[in-house]
Structure formats: C-alpha cells, structure tokens
Amino acid sequence: MRRILILGGTAWLGRELAAQLVAAGDDVTCLARGTAGEPPPGARLVVADRDLAGAYDDVVGADWDDVIEISWNVSHVRGALEALADRAAHWTLVSSCSVYASDTDPGADESAALVEPGDEGEEDYAKAKARCERDSAAVLGSRLLIVRAGLIAGPGDGSDRFGYWVSRCALAGKEDVLVPTLADRFVQVIDVRDLAAWTISAGRAGTVGTFNAVGDIHTFGDVLSQARSVAGHTGDLVEAAPEWLVDQGVAYWAGPRSLPLWLPEDSSGFSQRSNTTFRETGGALRSQRATLLDTLDDERERGLERERRAGLTRQEERGLLALLQERPVVLGRCSAGDRQVIGRRGAGAGELGSPPEGRPHL
C-alpha cells in the first residue's frame, strides 16, 4: 500500500485524485483548510492553513511515496518543499499549459519557451505557476513530475467554461444560440477523470520530467455540433463576428458576459498543444461525447439557469441575438445546417473595442 499526501484534495481535481487513489487501495491523506468541501470517503483530512507557521507539523513526520502539489501560490509551494521534500520518494506538481510564453504556435510541445517566472506574492497565474515549477525543480531534481494540465472539463467544473455550451444548448431548446465565428477556432480539453488517472499512473510508475496533460484537438464547430446532439438542441447557432462581439462588451474565454473557450485568432496555439508524450506514457482520453453527456447531467443537477462564473446570461444572449436580427448578413449554412450570421458593426473598424487585457489561463 502506497502512502500519498495530496496538498489539497477536497475540491475538484484534488478530490478526484483522492477518490481514485483510495479506490486503488492507497493510503491517502489530504492536507487542506477544509473549506472547499470534504475529501472522499476513505481519505484522511488534515486541516491546516498553509499561510500559517506549522501548517505541515501533522504530516512532516511520515515518509510519503508521492506528494501531489496542486497550488499556484508560490509561498505555499515553497513552504511545502521546505517541510516535506526530504520525506517524499516522488513529487508531483500539477502545473498548467498557461506557463508557455506564446499561444501562437499550433502543435507546440514541452520544449516551448515559458513566461518569466514571478516571485512570492505573484498574482499572475502563469508567472506564479512558472515559479512553482522552477522552485520545485531546484529542490527535487530527478524526483519531480511536472504535469502541465490543459483546460480541465467534466462533472463538477466550478469554472463553468466547458459546460456552458452543452448547458446553453439544453436551455435554449428550439431557440437560437449565439456563437462566435467558428472558422479556425479550436477547443482542447481533458476530462478531470482522465487527468487524475494518468497523474496517478505516472506517479505509481515513478515517472519524472515534464508532460503536457492535454486532450485531443477538436474544432470549435465539432464541439458545438456534439453539444447540440447531446442536449437535443434544434434551434440555430447564430454566428457573430469577433469585432462585433467585442464592441458589444462580450469577453473572450471566461468570466461574466463572455463566450467561453472563444479566443482571438492570434491565440490559435493555445488550444492546439501537443499531447504526444502524454499519449506515449499511457494517457487515455474518453470520447468528447462521453464528457459532454456527463457534463450535461451535472449541469442539470446544478441548474441550467443558475448564476454562472462564465458565459452570457440567457437574457444577455437574447438581447445580443435581437441586435443581430436588426440587419444581419446571412452567409449561408454550415455543414451541420446551422445559420451563420455576422452582425452589422455599429462603428468603423478603428472604433471597435479591444479584447480584454491579459492572457487566458487554464
């Protein structure tokens, strides 16, 4: 029986890791504040605030087969390394593909350049994760596995990004759904259950090094077609130009009044990273349809009309669709038979709003 310490373990990915480890017969301890929920049955919870001195006192006396670190808080990561590095045979740092400096190169692998690391107190997610990677490597050397996760999807997603589309299709029913221009747009997600399974398998095998744990690449149009099929949506997908959406205050990627997963054209590499090494080391991915089906079940349980962290409200969407109907330009029909529409711009090209500042992060 392996002894595993998860620094976290009560929220989404951490809890999934804990649940799968317990199911495999491992002895699992979760160190967390306990405010995000309870660990799965069979896992032990050590309540600790990592901002306080002595946070690791209850776990520092044990030897661990693997320590799994999820945080992007630089001071938390440094504190854990100082307290526990000598007691861990293997260390897994869950990082992010957000650490890459460029989002413009489709197919980029783990050798791509990174952002400049931040320091303690860094609030930029990408820079903080890059610092966590560098500090962990400096302390752990050949005992470190860095898992650069892509956008995580599936049941329980608190970010409300991937689930927005299948949820919206289900809520709209026979009515139209507003979408961004789909040509040359891509989506790349990994189901939380598949990410956890590979991370555990890699840890058990003693795998070290850096890996992009990302899903396969799908066109945005394919994702929406699958979402419509799963949700039984019979309305049209009404496609709007990026400039028009930005001019109406619609944000890229995430957050309120956004179209989730939508990115500017110059960020095409963000959702097209290589997962070759992940696949070569046993990474398995369930079908996109399976993830969408389970996500929709979860969305229905949480409420299709609930307040979301990402996306348009249905009222906002109807208002934008009404604006598009004033003087639309019909471009024809896509292969799935959906209407494509570009809204009339309300200003000259030089007067259009700019995309929100900052890089999207996973």
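1. Helices (H or I, at least four residues) and strands (E, at least two) are DSSP runs, numbered from the N terminus. By that reading, alanine 130 is found in helix α3, residues 125-140. The protein has 10 helices and 17 strands.

2. A word on the source. This is a predicted model, in which local features need pLDDT of at least 70 and side-chain atom pairs count only at pLDDT 80 or more, while totals for chains, interfaces and linings use all residues. Residues are numbered from 1 along each chain as its sequence is written, and side-chain values use heavy atoms, with hydrogens and water left out.

3. Overall form. The radius of gyration is 22 Å, close to the 21 Å that the globule rule gives for 362 residues, so the protein is as compact as a globular protein of that length. That radius is taken over C-alpha atoms, and the rule is 2.2 Å times the number of residues to the power 0.38. Along the principal axes, the C-alpha atoms fill a box of roughly 70 × 40 × 40 Å.

4. Burial and surface. Of the 362 residues, 52% count as buried. Buried means under 20% relative accessible area, exposed over 50%, and partly exposed in between (1.4 Å probe, protein chains only). The protein exposes about 15400 Å², and carbon and sulfur atoms supply 48% of it. Areas come from the Shrake-Rupley method with a 1.4 Å probe; for residues, only the protein chains shown count as cover.

5. Contacts. Among contacts with a separation of 6 or more, 77% come from residues 24 or more positions apart. Contact means heavy atoms within 4.5 Å. Alanine 130 gives a local view: leaving aside neighbours within four places in sequence, it is in contact with Val99, Val115 and Pro117. Alanine 130 is buried, at 4% relative accessible area.

6. The largest pocket. It holds about 1300 Å³ of space. Its lining takes in 42 residues, and Ala11, Trp12, Ile70, Ser71 and Trp72 lie nearest its centre. Elements giving two or more residues to this lining are α1 (12-23), β2 (27-32), β5 (91-96), α3 and β7 (151-153). By class, the lining has 18 nonpolar, 15 polar and 9 charged residues. Ala, Val, Leu, Ile, Met, Phe, Trp, Tyr, Cys and Pro count as nonpolar, Asp, Glu, Lys and Arg as charged, and the others, Gly among them, as polar.

7. Terms for spaces. On a 1 Å grid over the protein atoms alone, a cavity is a set of points where a 1.4 Å probe fits but cannot get out; a pocket is an open set with protein on both sides within 12 Å along at least five of seven lines; lining residues have an atom within 4 Å of a point. Points are joined across faces, edges and corners, and a volume is the space filled by probe spheres set on them.

8. Cavities. The whole structure has 2 of 30 Å³ or more. Of its 13 lining residues, Leu151, Gln188, Phe270, Ser271 and Leu362 are the closest to its centre.

9. Backbone points to check. Aspartate 184 has a positive phi of about 60 degrees although it is not a glycine. Aspartate 184 sits in the loop between β8 (177-180) and β9 (186-187), and counts as exposed at 62% relative accessibility. Tryptophan 253, also not a glycine, has a positive phi of about 75 degrees. Tryptophan 253 belongs to strand β14, residues 251-253, and is buried at 6%.
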